[in-house]
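Please read it alongside the sequence and the coordinates.

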Amino acid sequence: MIGPTASLSHLHRADGSASYKCPATGYNILGAVNAPVELPGRRDALKPEEATVEVFVKPGTTTAGVGERYVEGLLRSVLGKVVLGREKGFPRRGVVLTLAIVGGENIERGDSYLTVFPALLHAGLLSMISASVPLSMTFSATLLGVTKSGDIVRDPSPAAAKAAVSLHVFAISSKNHLLLNESEGRFDFDTWELARQNAVTICQGSSKGSDGDVNMEEEKNASGNGFIRETVEDQIYSDYVYKLDSI
Amino acid sequence: MASTTASHATPPSLSLPPSQFARLQPHAYLLAHLSPPAASNQPSLRANGRAASQFRVTSANAGSLTHTNGSAVVRIGDTAAVCGVRAEILNTEDIASWSVSHASDEQTDDKKSKSEEGDTDSQDKEDRAHIQDLNLLVPNLSLSTGCAPGFTPGAAPSALAQSLSHQLLSLLHSTRLVQADDLRIWYQPPNLEAEALGEQMDVDSEESGNPAREIKAFWVLYIDVMIISLAGNPFDAAWASVLAALRDTKLPKAWWDDDNETILCSDDIADAKKLSLRGLPIASSFCSFEADAAAGWRSVIIPDAEEQKAQEQKQKKQGMQQRWVLADPDGYEEGLSQERACVVVDKENDGKAKTVIVKMEKHGGWALDGDDMRQLVDVSAQRWDEMKRILDQC
Amino acid sequence: MKGQPLPEATASLFTANPPRTPIGPGTGPTPLPMRSIRPPSAEPPKKVAKFAAPRGEGTAKMSKEAQLSIAERDFILEALRENVRVDGRQPNEFRPVDISFGEEYGHVKLQLGKTSLVVRISAEVTKPRDERPFDGLFNINLELTSMGSPAWENGRSNDLEASATNTLDRVIRHSNALDTESLCIIKGVSCWSIRADVHVLDYDGNLTDAACIAIMTGLQHFRRPDAVVKDGRVIVYGVEERVPVALNITHKPLSITFHTFNESKNVIMDASLKEEQASEGDLIIGLNSAGELCYVSKMEGGPVDPMLIVNQVSKAWEKAKELNIVIESVLRADLTKRAKAGMADESRAENDRLMATE
């Protein structure tokens with residue numbers, strides 16, 4: 001399977017930006033974060049003690065509808081919890097995240113939004129990191145589909161997701177917390193638990209089980225959190241490459 | 001406190017009436033209720049007098065609106081939702097995508113019908129194609145003016161109302177509650193050959209020369225939910241009202257009249273048919289209340305999930321509970337917690353068979369984990385029995 | 001006039017925008033995006049305005065873009081007096097145009113200096129409008145988000161969005177660059193609806209021209225699925241099943257925006273954001289490679305000599321021809337690349353088949 005690709009800070013105007021592409025589901029997301037900014041239009045919504053996280057999702061080839069509002073609410077609640085909004089300079093200000101779905105299939109009205117959700121979460125997190133918004137932890141997310149025969153498929157394609165009996169999105173933090181779960185379809189608790197354990201393995205990598213240190217690097221790549229870390233490391237490396245040369 | 005200087009005249013009383021304490025220190029107020037001092041021998045109750053996993057008093061009443069095909073009012077505590085279902089006819093001629101088929105779909109369809117595998121499977125697909133792709137179910141939720149402070153007249157639909165509308169729609173689709181067959185209006189062209197031949201052959205003609213019947217129109221169900229009073233947990237109330245209204249919905253008998261080239265409906269109530277719904281999915285929402293209000297943001301390193309769990313266990317042994325999962329939160333409790341969970345369950349065979357989860361979500365925090373979710377599913381399953389009783393009576 | 005509410009002419013154009021709600025039965029209520037109503041400006045409009053006054057303040061107030069400092073503005077203006085642009089370009093020189101394509105047809109990424117945007121063209125089958133049963137539908141959708149500039153608020157339209165949408169509509173849609181009659185499938189029953197979505201990623205001036213180039217490239221690059229009418233039913237073939245069909249482009253109009261400075265003594269093309277803020281007026285000319293004008297707008301700012309407009313038209317024509325050549329060359333390069341990849345795919349499929357038979 002081809003892994004996802006991501007890059008950081010490729011836009012000029014926004015404070016932070018990231019692009020995230022997941023070949024398995026075909027989605028390509030661009031994210032931009034402006035933070036901290038004044039939000040003159042939302043003065044009534046601003047909180048006196050912490051930052052207000054605002055999320056805007058722009059679909060690729062349609063006008064935003066109720067589905068986008070819903071997914072924005074979820075993203076706001078996940079990222080709002082991770083962002084340290086009480087750090088200096090953040091209270092009474094806004095953290096504005098804009099996500100544009102520039103590649104991949106359209107989500108029609110009433111369709112499940114779960115298929116794009118992990119990609120949106122990743123793009124949002126990476127944009128936050130790119131904008132140097134203080135975070136309490138990072139996370140990674142995965143989409144799992146349970147087929148009719150009971151198999152759990154990772155990152156099913158849109159067609160496979162439609163055929164799946166149940167779909168599950170999990171976001172697991174870098175410290176193994178279950179940050180978010182969205183499941184729909186028909187399933188029982190044991191299936192869910194199995195999917196959850198699968199998700200933990202995907203996001204964390206099998207960190208404890210392996211005793212050989214040969215494939216440490218590979219494993220790091222394979223896990224979701226490893227991928228986020230890797231992307232940020234690459235960016236830092238390219239940002240500080242002038243220093244490396246001078247040493 | 002400033003009151004100490006003034007209290008020389010009156011006897012010094014630092015105690016505030018509970019209502020003021022609740023407003024000034026909402027978090028401490030709820031915490032004090034949930035963790036009473038061990039000496040007082042009081043049970044841990046929420047500020048509203050409920051136990052942690054207790055739902056509010058729920059009532060439902062169906063069929064109260066006269067101009068709709070089906071309606072219901074559901075009240076959960078002080079949150080009240082009115083739902084009206086209106087059915088309107090959509091001619092297939094007016095559907096742009098009706099006469100359009102995708103070559104790739106057709107091929108797979110052919111294969112399916114040839115191999116004759118999974119009858120329910122192809123039916124599922126057809127249901128999805130009709131209900132979802134043609135948008136035959138149109139739920140819309142509005143938070144009416146004055147349902148809670150802050151809802152002013154003339155404002156655009158709030159993000160909350162829009163996202164609730166989406167949740168209703170996606171739950172209607174993912175549970176496949178309404179069967180597409182109930183919404184189809186068929187036309188059976190008369191078999192002219194058979195009529196000419198006479199009556200003796202009518203048994204055979206069923207199989208041989210009958211022209212295929214065709215769908216001439218669909219019923220579109222406009223499901224309008226109005227939250228007339230919002231005191232927390234709008235989704236459970238809204239979904240229950242949708243469910244009750246759909247159970248109440250009767251569609252008049254409709255047929256295609258070939259002479260007038262239009263759809264005709266029967267006036268006779270006896271001809272009207274109820275919808276046959278698939279199952280009875282019941283939604284239960286929860287929130288998690290944490291003892292330490294600042295746990296999430298104070299710049300301490302957040303411990304690993306395992307560490308945190310061990311720590312929690314230890315504190316629990318000492319009689320210090322750190323967080324409570326509150327079922328059916330009211331508005332006051334919702335304002336004090338960020339982490340939310342929602343479980344929608346159904347039981348097959350009228351509650352005799354096992355519990356099926358149709359939707360599960362949690363977001364806004366990291367306290368709830370797999371074990372908590374298992375408990376929530378159990379609580380939701382109990383709630384299912386209760387709600388079934390209420391909905392059956394209405 | 002500066003800093004005042006838009007003149008009536010532009011205000012009425014809000015209604016000329018294509019409807020944003022999807023067309024089709026049963027789509028249900030779609031919430032309208034929130035629109036801010038601009039408060040009437042506090043100051044009464046002044047009758048006498050100094051034309052030479054820079055537009056800087058006005059623009060800053062409108063889109064809340066950070067104001068240009070006085071020193072910076074003076075620097076730009078002084079330099080222009082000596083025919084020097086801050087980035088060293090000639091007055092009639094565009095910033096480097098970089099066009100690339102995504103995997104899908106009609107997915108264009110355009111970089112014009114630091115202004116960058118993505119255009120996606122999409123097609124679906126819908127019902128034609130009742131009053132025009134022979135015509136398909138074509139809409140351009142431009143929504144500015146805070147990705148492009150922190151000054152733009154998400155979900156609220158601003159003046160730039162309205163004026164850019166209007167210009168794009170006039171230049172491309174109303175000039176019938178895309179032949180909508182060719183989009184008809186069955187008269188009055190079904191037709192193609194083509195939609196161009198513009199996502200602005202970075203805004204550094206000259207949004208209109210950049211969007212125009214990208215949309216025109218996208219329309220020429222896009223291939224819609226093939227559709228066949230069979231027994232009154234429309235059968236749509238996927239991109240893998242049948243060779244998709246290119247759109248019927250009647251002509252290739254582009255918009256060229258000029259900005260005037262120093263009492264219209266200096267006129268430049270493709271202004272950057274800072275130049276835009278320092279300018280006193282603009283002039284937009286929309287025309288195709290054949291030099292046929294389809295849109296001229298002298299919307300706001302200081303007055304210019306009519307002869308200047310005539311002179312600029314010929315300069316715009318040169319530029320439009322130049323840009324269309326660039327577009328053609330990138331399109332050709334991409335098509336050959338795709339053809340090669342397609343051939344490779346085919347031969348691979350052939351090999352697989354051979355393997356299977358063996």
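## A cis proline in a strand

Pro36(A) belongs to strand E3 (residues 27-37) of chain A, where helices (H or I, at least four residues) and strands (E, at least two) are DSSP runs numbered from the N terminus. The peptide bond that joins Ala35(A) to Pro36(A) is cis, with omega at about -15 degrees. Most peptide bonds are trans, and most residues other than glycine have a negative phi.

This is a predicted model, in which local features need pLDDT of at least 70 and side-chain atom pairs count only at pLDDT 80 or more, while totals for chains, interfaces and linings use all residues. Residues are numbered from 1 along each chain as its sequence is written, and chains are lettered from A and ligands numbered from 1 in the order in which they are written.

## Positive phi in two asparagines

Asn176(A), in the loop between E8 and E9 of chain A, has a phi near 75 degrees, a positive value in a residue other than glycine. Asn176(A) counts as buried because 20 C-beta neighbours lie inside 10 Å; a residue is buried if 20 or more other C-beta atoms, placed from the backbone, lie within 10 Å of its own, exposed if 12 or fewer, and partly exposed in between.

Asn206(C), which is not a glycine either, has a positive phi of about 55 degrees and is placed in the loop between strand E6 (190-202) and helix H5 (207-221) of chain C. With 25 other C-beta atoms within 10 Å, Asn206(C) is buried.

## A sheet built from chains A and B

The antiparallel strands E9(A) and E15(B) are joined by five bridges, and Asn181(A) stands opposite Lys362(B) in E15(B). Within chain B, seven bridges join strand E12 (residues 282-290) to strand E14 (residues 339-347), again running antiparallel, and Ala283(B) stands opposite Val344(B) in E14(B).

## The contact between chains A and B

The contact takes 38 residues from chain A and 37 residues from chain B, residues being in contact if their C-beta atoms, placed from the backbone, lie within 7 Å. On the side of chain A that touches chain B, the elements giving two or more residues are H1, E9 and helix H4 (189-204). The residues of that side divide into twelve nonpolar, 13 polar and 13 charged, where Ala, Val, Leu, Ile, Met, Phe, Trp, Tyr, Cys and Pro count as nonpolar, Asp, Glu, Lys and Arg as charged, and the others, Gly among them, as polar.

## Helix packing around H6(B)

The axes of H1(A) and H6(B) come within 7 Å and cross at roughly 105 degrees, which means that H1(A) is roughly perpendicular to H6(B) (angles of 65 to 115 degrees count as roughly perpendicular, under 35 as roughly parallel, over 145 as roughly antiparallel and the rest as oblique). Among the residues making this contact are Arg69(A), Tyr70(A) and Glu72(A) of H1(A) and Gln162(B), His166(B) and Gln167(B) of H6(B). The contact residues divide into three nonpolar, seven polar and two charged.

Helix H6 (residues 159-175) of chain B also packs against helix H10 (residues 234-248) of chain B, at an angle of about 45 degrees and with the axes 11 Å apart, so H6(B) is oblique to H10(B). The residues in this contact include Leu164(B), Gln167(B) and Leu168(B) of H6(B) and Phe235(B), Ala238(B) and Trp239(B) of H10(B). Of the residues of this contact, eight are nonpolar, one is polar and none is charged.

## A hairpin in chain C

Strand E1 (residues 97-101) and strand E2 (residues 107-112) of chain C pair in the antiparallel sense over five bridges, and the bridge partner of Phe101(C) in E2(C) is Val108(C). The two strands form a hairpin with five residues between them, and Gly106(C) in the turn has a positive phi of about 80 degrees.

Notes
Axes are lines fitted to C-alpha atoms, for helices over the stretch in contact, and angles run from 0 to 180 degrees between N-to-C directions. Two residues are in contact if their C-beta atoms, placed from the backbone, lie within 7 Å. Two strands pair if DSSP finds at least two bridges between them.
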